[in-house]
Amino acid sequence: AFQNTHFITSAPNIGKLPPDEGIEIAFAGRSNAGKSSALNTLTRQKNLARTSKTPGRTQLINVFEVAPDKRLIDLPGYGFAKVPMAVKEKWQQSLSEYLQQRDSLQGLVVMMDIRHPFRETDQELIYWAVASEIPVLVLLTKADKLKPGQRKSTLLQAREAALAFQGDVTVEAFSSLKKFGVSETERVLNR
Ligand code: GTP
Ligand code: MG
């Protein structure tokens with residue numbers, strides 16, 4: 001469903017984004033959670049979004065067009081990032097501006113490493129989205145890192161934990177490496 005996605009722009013701040021029209025689904029999460037990899041997996045394109053072993057790779061708001069009225073947004077990661085403080089503050093600001101001011105934001109995908117789910121900032125972000133009436137899809141990324149039984153129990157636990165947010169919060173396990181959870185994710189994103 002996202003095969004024809006193409007890159008539009010990298011914006012340093014929300015003022016540089018395309019017109020605030022149509023629908024945007026944004027990918028957020030801690031640095032290194034696997035956001036850019038997931039975008040590539042979902043669009044079946046190897047190098048659409050730049051991935052890296054170094055946390056903090058995505059420093060701009062990257063915009064990808066799925067259809068004339070639908071965009072996917074690769075957001076800068078939060079939390080740990082090996083960059084100078086001044087740079088970090090600048091892109092964290094663009095992240096919060098985007099979340100607070102973008103009217104076309106209609107779905108938020110929150111990516112969390114399946115081995116470290118629901119860290120404090122993840123929870124804050126989900127609470128914020130629920131309060132803003134934005135549907136949330138939590139992806140437990142790098143699911144290949146756990147054995148099948150552990151993966152299943154972590155997913156069930158995470159779904160249980162997600163009830164606490166009292167909002168539209170769906171949880172799926174995902175792996176870009178093994179392609180777990182791709183069709184489930186597509187189904188949620190196309191709702
Ligand atoms: P920032 O842009 O820095 O915030 O990172 P990101 O969230 O975009 O992460 P990215 O997709 O660049 O991936 C970070 C690292 O995790 C890379 O070394 C990827 O190869 C690895 N990775 C991503 N997805 C998976 C996965 O499904 N399984 C495994 N085992 N590794 C993954
Ligand atoms: Mg990235």
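Me: How many bridges join strand 6 (residues 136–141) to strand 7?
Reply: Happy to start there, with the terms first: helices (H or I, at least four residues) and strands (E, at least two) are DSSP runs, numbered from the N terminus. Two strands pair if DSSP finds at least two bridges between them. Strands 6 and 7 run parallel, and the number of bridges joining them is five.

Me: What kind of model is this, and what is its mean pLDDT?
Reply: This is a predicted model, in which local features need pLDDT of at least 70 and side-chain atom pairs count only at pLDDT 80 or more, while totals for chains, interfaces and linings use all residues. Residues are numbered from 1 along each chain as its sequence is written, with chains lettered from A and ligands numbered from 1 in the order in which they are written. The predictor's confidence in each residue, from 0 to 100, is the pLDDT. In the protein, 92% of the residues reach 70 or more, and the mean is 90.

Me: In which order do the elements run from the N terminus on?
Reply: Five helices and seven strands make up the protein. From the N terminus on, their order is β-β-α-β-β-α-β-α-β-α-β-α.

Me: What is the radius of gyration of the protein?
Reply: The radius is taken over C-alpha atoms, and the globule rule is 2.2 Å times the number of residues to the power 0.38. For 191 residues that rule gives 16 Å, and the protein comes close to it, so it is as compact as a globular protein of that length. Its C-alpha trace spans about 45 × 35 × 35 Å along the principal axes. The radius of gyration is 15 Å.

Me: Which strands lie at the edges of the sheet?
Reply: The open sheet has seven strands with mixed pairing, in the order 1-3-4-2-5-6-7. An edge strand pairs on one side only, and the two that do so are strand 1 (6–11) and strand 7 (169–173).

Me: Is strand 7 largely enclosed or exposed?
Reply: A residue is buried if 20 or more other C-beta atoms lie within 10 Å of its own, exposed if 12 or fewer, and partly exposed in between, with C-beta atoms placed from the backbone. Strand 7 is an edge strand that pairs on one side only. Because four of its five residues are buried, strand 7 is largely enclosed.

Me: Where does N32 lie, and is it buried or exposed?
Reply: N32 has a positive phi of about 80 degrees, although it is not a glycine. It lies in the loop between strand 2 (23–29) and helix 1 (35–43). With 24 other C-beta atoms within 10 Å, N32 is buried.

Me: How does F118 count: buried, partly exposed or exposed?
Reply: F118 also has a positive phi, near 50 degrees, in a residue other than glycine. Its place is the loop between strand 5 (105–113) and helix 3 (120–131). Having 18 C-beta neighbours inside 10 Å, F118 counts as partly exposed.

Me: How far apart in space are K178 and K142, C-alpha to C-alpha?
Reply: K178 lies in the loop between strand 7 and helix 5 (182–189). It counts as exposed, with 12 C-beta neighbours inside 10 Å. K178 and K142 are 36 residues apart in sequence, and their distance in space is 8.7 Å.

Me: Which residues is V188 in contact with, leaving aside neighbours within four places in sequence?
Reply: V188 sits in helix 5. It is partly exposed, with 18 other C-beta atoms within 10 Å. The contacts of V188 are L137, T170 and E172.

Methods: Two residues are in contact if their C-beta atoms, placed from the backbone, lie within 7 Å.
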